[in-house]
Amino acid sequence: MAEPTTTPAPLRDPLNETLQALQLEGSLYCQAELSAPWGLEIPPMHDSLMLLVVMSGSCQLRVGVSDPSALRSGSLVLLPRGTSFRVGSAADVATESLLDMPVQPVTERFETLRHGGGGAVSRVMCGVLQVDHAAAEQLLSLLPEVLVIDGWEDEGDWLQSTVRFIAQEAAQLRPGSEVVLTRLADILVVQAIRTWIESDDGQRSPWIRALRDAQLGRALAAVHDAPGRDWSVARLAKLAGMSRSGFSARFTDVVGVPAMHYVTRWRMQVARTWLRASSKPIGTVADALGYRSEASFSRAFKRTFGHPPSHVRTDRGALGDGPLMAPSTAT
């Protein structure tokens with residue numbers, strides 16, 4: 001009698017799952033109709049991602065002390081860490097803070113602005129968004145400070161069509177437009193990140209390269225799914241289908257840190273996300289992440305971020321978004 005066969009579990013795509021975890025929550029959208037000469041200064045938005053879409057016309061973008069960049073209709077700018085920027089009809093035009101502008105509220109999260117000197121008109125949309133997933137935060141931390149995508153370059157049809165749809169919705173502001181604009185912003189952000197990943201090919205991002213690895217990716221996905229499990233190098237190696245020594249060496253070589261260092265850092269990243277998003281007691285978070293006592297959890301958290309977990313709630317601005325693979329004494 002032939003032995004029964006089993007259908008193998010479908011192969012997982014940890015990188016795709018990470019992109020799926022990029023659930024964005026828009027806190028504010030502003031549709032602006034700007035006539036030359038005009039200049040806007042957008043203040044920094046800590047713990048936020050900022051999006052700028054040029055729906056028509058053109059403008060000049062300046063981030064920090066960098067040289068200005070010319071943007072045209074269909075351009076998309078992503079600032080993953082909420083960096084302050086200036087945008088105007090010309091590089092040398094005087095700017096005013098967006099916070100001081102006489103905006104017109106449309107809904108709780110959507111507003112419009114008309115501003116400028118009466119010349120050539122440009123229409124832009126600004127968005128401030130947040131993420132609430134450790135994998136998404138880690139992915140955003142790998143992106144450059146500012147990511148500019150020109151919708152007229154090769155394979156930019158997706159951007160042009162989405163921008164046209166946004167312009168149509170923003171102009172009409174029908175019932176449900178806020179929901180539509182929010183979903184379209186999600187699409188723009190995910191597509192922009194995917195474009196960067198494909199152009200990067202993982203060469204500058206060991207974490208992405210590890211997610212793409214058939215063996216290491218399985219181990220990483222398991223840790224992401226169940227950070228509180230009692231992980232060990234042996235268990236992770238078994239999931240990867242490798243020997244303990246082979247897995248350990250390859251993980252360190254590709255990711256840049258030992259496997260158990262990664263597990264600890266990931267747990268702390270998840271803990272910070274949970275503490276920001278809920279009022280659960282610290283002890284409950286510690287227990288869910290596999291720590292036998294709140295004290296041991298707090299020590300690990302402080303070794304990782306330099307502050308106790310209580311600071312996440314009492315002083316949210318005190319913690320930076322340190323990269324997951326940064327050197328640490330946590331074990």
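**Salt bridges**

R250 is partly exposed, at 29% relative accessibility (buried means under 20% relative accessible area, exposed over 50%, partly exposed in between, with a 1.4 Å probe and protein chains only). The model is predicted, so local features need pLDDT of at least 70 and side-chain atom pairs count only at pLDDT 80 or more, while totals for chains, interfaces and linings use all residues. Residues are numbered from 1 along each chain as its sequence is written, and side-chain values use heavy atoms, without hydrogens and water.

R250 forms a salt bridge with D213, at 2.4 Å from N to O (a side-chain nitrogen of Lys or Arg within 4 Å of a carboxyl oxygen of Asp or Glu). D213 sits in the loop between helix 5 (206–212) and helix 6, and R250 in helix 8 (residues 244–255), so the bridge ties together parts 37 residues apart in sequence (helices are DSSP runs of H or I, at least four residues, and strands runs of E, at least two, numbered from the N terminus). D213 is buried, at 15%.

**The network at E33**

E33, R114 and R123 are linked in a salt-bridge network. The closest N and O atoms are 3.9 Å apart for E33 and R114, and 3.4 Å apart for E33 and R123. E33 belongs to strand 1 and R123 to strand 11 (residues 121–131), 90 residues apart. R114 is exposed at 62% relative accessibility, whereas E33 is partly exposed at 27%.

**Helix contact**

L220, V223 and H224 of helix 6 meet Y262, V263 and W266 of helix 9 (contact means heavy atoms within 4.5 Å).
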